[in-house]
Structures are given as C-alpha cells and as structure tokens.
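Let's take a walk through a protein model together, one piece at a time. Have a look at the picture first, and then we'll start with a pair of strands.

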Amino acid sequence: MMGRSEAAHPAPRCCRDEACAFTGAPGQRAAVVTYLRDDTYLPLLQQLECTLRRSNPELELALMHVPGEVSDAGIALARALNLTLLPVEPLEFRNTYETRYGRNWLKVRALGLTQYHSVLLMDSDVAVVGDLAPLFALPTDFAAVWDQSKWLNRFRTVQQRINGGVFLLRPCAAVEAHMLQLVESHPKLRFVHGTAEQDFFGWYYRYTGTTLPMHWNCQATQCLDGNLTVGGAVPRIVHYTSQKPMKGPQPGEEGHQFLCSLRELEARAGGVAPASSSSSRSGGARRKLP
Ligand SMILES: [Mn+2]
C-alpha cells in the first residue's frame, strides 16, 4: 500500500521526533482513550478498564462517544468506572467490506482531543497487560503495530498494513482538519472496500510514523504462544480480534489468562448492572472482526 507523499499531500504537524515525547512535565496530560458507537462492546470495555487499572493504576481512561449512541445504562457504567467521558461529533463513511468499519472513522476525532498531550487510542476489545509508560515517551507523533491477521495467516502472505486497534497519537487540531479534508475530497482514501480508517491511518503515516514490536498490540490468535508472543516477548497489550471474550475468560482460549474474572468485573461496577449480563443477545463472540 502506498503512503502519503509530502509533495502531493503536505501535512501539518504539531511536533516532530523527540519534541513529541511525553515527559510528564507540568500541564502535560496523557490518557488511554477508547470509543464505543453502541452498547455491543460494553463487556469488553469492562475488561479493558479492569486490566488497565491493574497494570497502569495511575493512567487516565477516557471514552469517546457520540451522544445518544451508547445507552444511558452504558454511560452510567462508564461513570461508575471513573472513565472520562469525551462526547464528540459523529464521523462515518459507508464501508462495503464490513459495515461496522464505517463507524470506526470516529478515531479521527481523537486527533482533536487537544486537552491531552498524548493519547493511546485503543479498541475496547483489548486487555492491557503491562506498563504503558514507555510508549508515551517515544520520539514520534504516531505509532502502531503491523497487522498480524494477514502476515501470520497460514500462507504467511505478507501484507504490510498496520492494525487499527492501538494508535499512539499526539492530538493536533491541524492534523484532524487535514485528515477530514482529505477523506471528504478524496473518496479513495475512505478505503470503502478495505479496512476504512485503519488503511487511512496506515496511508497517512506510512513514511513518517513508527511501527512497534507486536507485543504492543498482540492479536491473541496469531501472536500468542502461551504467556509470551511467538517472538518470545512479554505482551503489553493483547487484542482479541478473532474471538471476542464477551462472556469473560474461558479456559483454554488464547489470551484469556490476561482477562479479569466476571466476579472482578461485577465488583468494579459497584452496583451498576454489569454489561455482561445483557451481552448474550449480541452473539459477538463468534464473529470474526478485527
Ligand atoms: Mn479490535
């Protein structure tokens, strides 16, 4: 996949290289940001919250959402879990490959969260297993991990694309505006027959972004060999792309040893009905979605 060339599409930047690193200086704020477009992934959001608090107890967790899309019960749960609520304007483009991808364009809104110096944008279908501080300190304005579902498939056919589940971003209003202008005016950049915003971010940062070792976004089915990655590294972030742990940890399932028990989730929700009790209708656990 080709990337954005600076000659054809010059991009604004709010920082470059070392100047992008989060140092914890006064006034610098960093957060893990996730997003929901409906209630389907609420049980997974609970897993993200529980595993993140366990591994990174000091880190802020925020939820990007479009007012009206997540139920009142879902918002109440997020509040009970002490998530920062970040209401944003909707953004979507129809996707023919997978309808749900059309709504993942909301990720572009994360560039507009300029109250933060740094955002680690994550899907809700991840568990945070290790310390995230080294990621925030990287000398880059963008970082992501190669997608493993293609190049670790059984044919080992190399398709170097990043995975959209974990993005390190430095919010920058000019970059958000630039991205919006590009996808409005260049329909091909909506990757409607591909993986939508995942391909767009890959295109945008192809020649300038940082690619990370896969233990920062370890896709459970392809990446794990027991408690380690197939490369022998300790995973920091496990991403449940093929099998969604909607019903909590299941013995023998890849990567489920990193999840919180349903008992832990119920205790954390503190009287607010845990989302897992209503999740069975979704049937999401069997669907194959990145
Ligand atoms: Mn995902």
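Start with β9 and β12 (residues 237-239): they run parallel and are joined by 2 bridges. Strands here are DSSP runs of E with at least two residues, helices are runs of H or I with at least four, and both are numbered from the N terminus. Two strands count as paired if DSSP finds at least two bridges between them. Within this pair, C218 sits opposite V238 of β12. As a bit of background, strands of a sheet pair through backbone hydrogen bonds, either parallel or antiparallel.

Before going on, a word about what you're looking at. This is a predicted model, where local features need pLDDT of at least 70, side-chain atom pairs count only at pLDDT 80 or more, and totals for chains, interfaces and linings use all residues. Residues are numbered from 1 along each chain as its sequence is written.

β9 and β12 belong to an open sheet of 3 strands, ordered β5-β12-β9, with mixed pairing. At its edges are β5 (126-128) and β9 (218-219), and each of these pairs on one side only.

Touching, or being in contact, is when the C-beta atoms of two residues, placed from the backbone, lie within 7 Å.

Next up is α2 (residues 72-80). Which of its residues are buried? They are G74, L77 and A78. Seen down the axis of α2, these buried residues fall within an arc of 100° (taken from the directions from the helix axis to the C-beta atoms), so they line one face of the helix. A residue is buried if 20 or more other C-beta atoms lie within 10 Å of its own, exposed if 12 or fewer, and partly exposed in between, with C-beta atoms placed from the backbone. The cover over the buried residues of α2 includes α1 (42-55), β2 (60-65), β3 (84-87) and α8 (262-269).

What about the inside? The largest nonpolar core has 75 residues, and V33, V119, L120, V166 and V238 touch the most other members. Its largest share, 6 residues, comes from α1. A nonpolar core is a set of buried Ala, Val, Leu, Ile, Met, Phe, Trp, Tyr and Cys residues joined through C-beta atoms within 7 Å.

M246 is buried, because 24 other C-beta atoms lie within 10 Å. M246 and Q46 are 200 residues apart in sequence, while their C-alpha atoms are 10.0 Å apart in space.
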